[in-house]
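Let's walk through this protein together, one part at a time. Keep the structure open beside the text and turn it as you read.

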Amino acid sequence: MIQRIKLCCFAILVLAVLGSCSNSDFSADIELKGLGNQRVHVIYCNSDGNVVDTWMIAEKDHLIIDGDCASPSLLFLFNSMNVPITRIVVTGGDKVKVTGKIVDSYNLKVEGSELLEKWNDFIVKHKTAYQTKNPAILNPEIEKYVKSNRTSVVSTLLVLFDYVPSTPERVDKLLDMIDEGAKPSSLIDSYNTIKGRIIKPATRITSLNLYEMTSEDFETARISGSKPSILFFWDKELDKTKRNTIIEELKTFNAEAVNIVDINIDSDSVSWYNTIAADNTSWKHYWVPGSMMNAEVIRLQITSTPTIIVTDSLGNQKYRGNDELKARQTIESLAPAAI
């Protein structure tokens, strides 16, 4: 009888151990148009709280990640040049599916995790604020969400990862509003562990070596010099009406007072020539072979189109976003004669 009891206890212990292992397992099925075939840098915290820092191979825009994680934990994906692709949150037991476009990372579709879906719903709803990286628009929306959702882990995700405070005290104040149960230590630990590995976009651009249409060769597009510059990044996926609006706005600029740099980031140049011909513009037109993987623009981290960057005459970034009117206002403040 004593031996049977010991065996039963051992069986229960084994089942408990196996159960705890399976409860920490997750899978993430990532399918992003434009991901192509490349090595992808994957970082997250495992069930022991240690950082998993590994490289995986994406094939035909598709990547499957199987692992065990601290629950919940942030998971980051970087391309082969270590530029961020996207980030998700994973919890043990998750079978997550993420689909979308690599150049539209704030408009993804996610399935398989209620926490991830709610975070993503907020991002998609406010994607313009995310794309323009404008804290003046995004911060109030996050603050409003936190005040209305104090028991939600999504509030913690938004404060930790998406909020851009003017002072550290503002973060502390928001976190204090959130219930302790909605601030899991695994999530905060994974954020603190991984955040130092994220590369920020360059904010000073002096020149770019790009393929120029007329010369049919690589040329150096000078950004720093005697006048401000406006860089317009686009691709064939960009809404035609939006693109035409930006082009018409660019046509109003005085080319003697502002440097216009028009850059296509499609993976091929098949439709580039025809699109430019229809624009009827006189400035130079550039193409980036290799799309976002091109070394010349990798440091700029162009993850969505349109992206408009305005720099002063020294190449210092003064505006980055997708709003042609705000770009115009920035140019006006730098060089009134440009309009």
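Which residue in β15 is the bridge partner of V310? Y319 is the bridge partner. Before going further, please note that this is a predicted model, in which local features need pLDDT of at least 70, side-chain atom pairs count only at pLDDT 80 or more, and totals for chains, interfaces and linings use all residues. Residues are numbered from 1 along each chain as its sequence is written, and side-chain values use heavy atoms, with hydrogens and water left out.

Here is the overall picture. The protein has eleven helices and 15 strands; helices (H or I, at least four residues) and strands (E, at least two) are DSSP runs, numbered from the N terminus. Of the 339 residues, 47% are buried, where buried means under 20% relative accessible area, exposed over 50% and partly exposed in between, with a 1.4 Å probe and protein chains only.

Now back to the strands we began with. β14 (residues 307-311) and β15 (residues 317-321) pair in the antiparallel sense over four bridges; two strands count as paired if DSSP finds at least two bridges between them. Five residues lie between the strands of this hairpin, and G315 takes a positive phi near 90 degrees there. β14 also runs antiparallel to strand β11 (residues 229-234), with five bridges joining the two. One of the bridge partners here is T311 in β14, which pairs with S229. Five of the five residues of β14 are buried, so the strand is largely enclosed by the rest of the structure.

Next, find the open sheet of four strands, ordered β4-β1-β7-β8 with mixed pairing. Its edge strands are β4 (62-68) and β8 (109-111), each of which pairs on one side only. Within the sheet, seven bridges link β1 (residues 25-33) and β4 in the antiparallel sense, and A28 has I65 of β4 as its bridge partner. Helix α2 (residues 114-125) lies across β7 (95-101) and β8, running at about 160 degrees to β8; axes are lines fitted to C-alpha atoms, for helices over the stretch in contact, and angles run from 0 to 180 degrees between N-to-C directions.

What about the interior? In soluble globular proteins, nonpolar side chains tend to be buried together. A nonpolar core here is a set of buried Ala, Val, Leu, Ile, Met, Phe, Trp, Tyr and Cys residues joined through side-chain atoms within 4.5 Å. The largest one has 57 residues, and those with the most contacts inside it are I30, L63, I65, L75, L77, I88 and W119. Helix α5 supplies the largest share of this core, six residues. A second, separate core of 21 residues includes F253, W283, I308 and V310.

Not counting residues up to four places away in sequence, I88 touches A28, I30, S73, L74, L75, V96, V98, L116 and W119, contact meaning heavy atoms within 4.5 Å.

Finally, visit α5 (residues 153-162), which is mostly covered, with nine of its ten residues buried. Among them are V153, L157 and D162. At the start of α5, a side-chain oxygen of S152 reaches to within 3.1 Å of the backbone nitrogen of V154.

Key. A polar contact is a pair of N or O atoms within 3.5 Å; within protein, one must be able to donate a hydrogen and the other to accept it, and residues adjacent in sequence count only if both atoms are side-chain atoms.
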